[in-house]
Amino acid sequence: MGPAQIAFMALIILLYAFQNFFCKRFSLGYTGKDSTPVLTIIGGIIVVIVTFFFSGCSFSAKWLTVILGVINAVALYFYNDFLLKASVSGPYSVLIVFAVFGGISIPALVKWIGFNDKMTGPAMCFLLIIMVSVYLMSVKPSDENTSVTNKITPKFLLYSVGLFICNGSYAAILALQQELTGESEKEELIMVTFAMAAIISFVSLIAKKSDIKSVFSMSRSALVNLLIYAFSAAFAINSLVIILLLEVNTGVLLAVQNAGVMLVSVIFSMIFFKEKLTKMNTIGCIFMAIGLVGITVFEKVQFSQIPEMVSNLFK
């Protein structure tokens with residue numbers, strides 16, 4: 001990645017980190033039982049509105065883009081559902097590895113098989129370091145885990161595989177759409193995705209016979225956090241589809257995005273939520289930083305080119 005691409009990627013990482021941070025603040029301040037549908041519905045509406053302005057207040061999509069958007073919305077809905085179920089049935093440190101690895105590997109594999117866009121050997125080595133660091137950063141003492149158990153059961157593995165597939169499918173469709181229908185419909189894909197996700201969530205509330213008025217009743221603080229979350233998500237997703245158009249390997253791009261967001265989110269948690277890091281978490285953060293720098297520097301470098309790079313460095 002060049003300096004401009006790195007700076008743009010840093011902005012995207014910061015926006016996604018804000019999204020995660022204010023999502024957590026909203027969930028802590030929301031007193032109802034339907035935080036996920038509320039988040040998806042309100043967030044979806046705002047993402048659609050912001051993206052509509054990004055598109056120049058126009059909407060013109062081919063049927064393929066609409067179909068991909070609907071599939072993406074289903075993946076987004078089930079990702080949230082699998083995340084909730086996996087969180088209460090097994091160790092968080094394992095499920096987060098499934099989620100992050102899916103978000104990196106599936107779109108990279110799709111671009112490799114379909115469009116011969118493959119990662120270099122050194123980049124793959126640094127990707128492995130990133131995946132190890134994801135596990136190390138997410139391991140917590142048993143009494144601090146968000147799950148009620150640390151046992152890996154068949155049901156937990158099923159939910160984790162669902163996370164892997166849904167997170168990977170969501171990222172893959174964002175990259176795939178631009179190859180199939182062109183960059184001109186990138187905003188349309190976002191609008192269809194988030195509009196359909198909001199509709200699915202609203203239908204689920206009706207199916208559960210929820211009291212709609214009470215579901216959307218919240219404190220001013222929760223509402224502010226929800227709105228900041230939604231606008232962060234809107235600008236983040238629109239920025240991500242823009243950088244996907246640049247000459248950057250998809251696997252490398254999504255590895256940097258996922259890993260960078262996790263690293264910044266850990267820093268935010270330490271500062272604002274007073275969460276303490278274990279020695280293993282600290283080692284994971286160090287490995288994550290090494291992996292991020294390495295995969296960025298060696299994005300397009302082959303093993304055979306490394307000696308020449310080192311030689312030029314010491315000249």
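Close-up 1. Cys57 sits in the loop between H2 and helix H3 (63–87); helices here are DSSP runs (H or I, at least four residues), numbered from the N terminus. This is a predicted model, in which local features need pLDDT of at least 70 and side-chain atom pairs count only at pLDDT 80 or more, while totals for chains, interfaces and linings use all residues. Residues are numbered from 1 along each chain as its sequence is written, and side-chain values use heavy atoms, with hydrogens and water left out. Although Cys57 is not a glycine, its phi is positive, about 60°. With 42% relative accessibility, Cys57 counts as partly exposed; buried means under 20% relative accessible area, exposed over 50%, and partly exposed in between (1.4 Å probe, protein chains only). Gly56, which follows H2, also has a positive phi, near 80°.

Close-up 2. Does the length of H2 agree or disagree with what its residue count predicts? The 20 residues of H2 (residues 35–54) should span 28 Å at 1.5 Å a residue, and the end C-alpha atoms are 28 Å apart, so the two agree. The expected span of a helix is 1.5 Å times one less than its number of residues. The buried residues in H2 are Pro37, Val38, Leu39, Thr40, Ile41, Gly43, Gly44, Ile46, Val47, Val50 and Thr51.

**Close-up 3. Helix H1 and what covers it.** H1 has 27 residues and runs 39 Å from its first C-alpha to its last, close to the 39 Å expected at 1.5 Å a residue. Its buried residues are Gln5, Met9, Ile12, Ile13, Leu15, Tyr16, Ala17, Gln19, Phe21, Phe22 and Phe26. A handy reminder while you look along the helix: an α-helix has 3.6 residues a turn, so residues three or four places apart point the same way.

Close-up 4. Ser232 belongs to helix H9 (residues 220–243). Ser232 has 8% relative accessibility and therefore counts as buried. Its side chain reaches the backbone oxygen of Ile228 at 2.8 Å; a polar contact is a pair of N or O atoms within 3.5 Å, where within protein one must be able to donate a hydrogen and the other to accept it, and residues adjacent in sequence count only if both atoms are side-chain atoms. Setting aside neighbours within four places in sequence, Ser232 is in contact (heavy atoms within 4.5 Å) with Leu15, Phe18 and Gln19. Leu15 and Gln19 are among the buried residues of H1.

**Close-up 5. A nonpolar patch on the surface.** Phe54, Leu223, Leu227, Phe231, Phe235 and Ile242 make up this patch, with about 470 Å² of accessible area together. Accessible areas come from the Shrake-Rupley method with a 1.4 Å probe; for residues, only the protein chains shown count as cover. Patches are made of residues with over 30% relative accessible area and no salt bridge, and nonpolar side chains (Val, Leu, Ile, Met, Phe, Trp, Tyr) are joined within 5 Å, like charges within 9 Å. Which helix gives the most to the patch? H9 does, with five residues. Leu223, which lies in H9, is partly exposed, with a relative accessible area of 37%.

**Close-up 6. The two salt bridges.** A search of the whole structure finds two salt bridges, each a side-chain nitrogen of Lys or Arg within 4 Å of a carboxyl oxygen of Asp or Glu. In one, the side chains of Lys208 and Asp34 meet (2.9 Å, N to O). Lys208 lies in the loop between helix H7 (186–207) and helix H8 (212–215), and Asp34 in the loop between helix H1 (3–29) and H2, so the pair ties together parts that are 174 residues apart in sequence. Asp34 counts as buried because its relative accessibility is 11%. Lys186 and Glu187 form a salt bridge too (3.3 Å, N to O). Lys186 is buried at 13% relative accessibility, and Glu187 is buried with a relative accessible area of 11%.

**Close-up 7. Helix H7 and Lys209.** H7 has 22 residues and reaches 32 Å from its first C-alpha to its last, close to the 32 Å expected at 1.5 Å a residue. Lys209, in the loop between H7 and H8, has a positive phi near 60° although it is a residue other than glycine. Is Lys209 buried or exposed? At 77% relative accessibility, Lys209 counts as exposed.

Definitions and conventions:
Helices (H or I, at least four residues) and strands (E, at least two) are DSSP runs, numbered from the N terminus.
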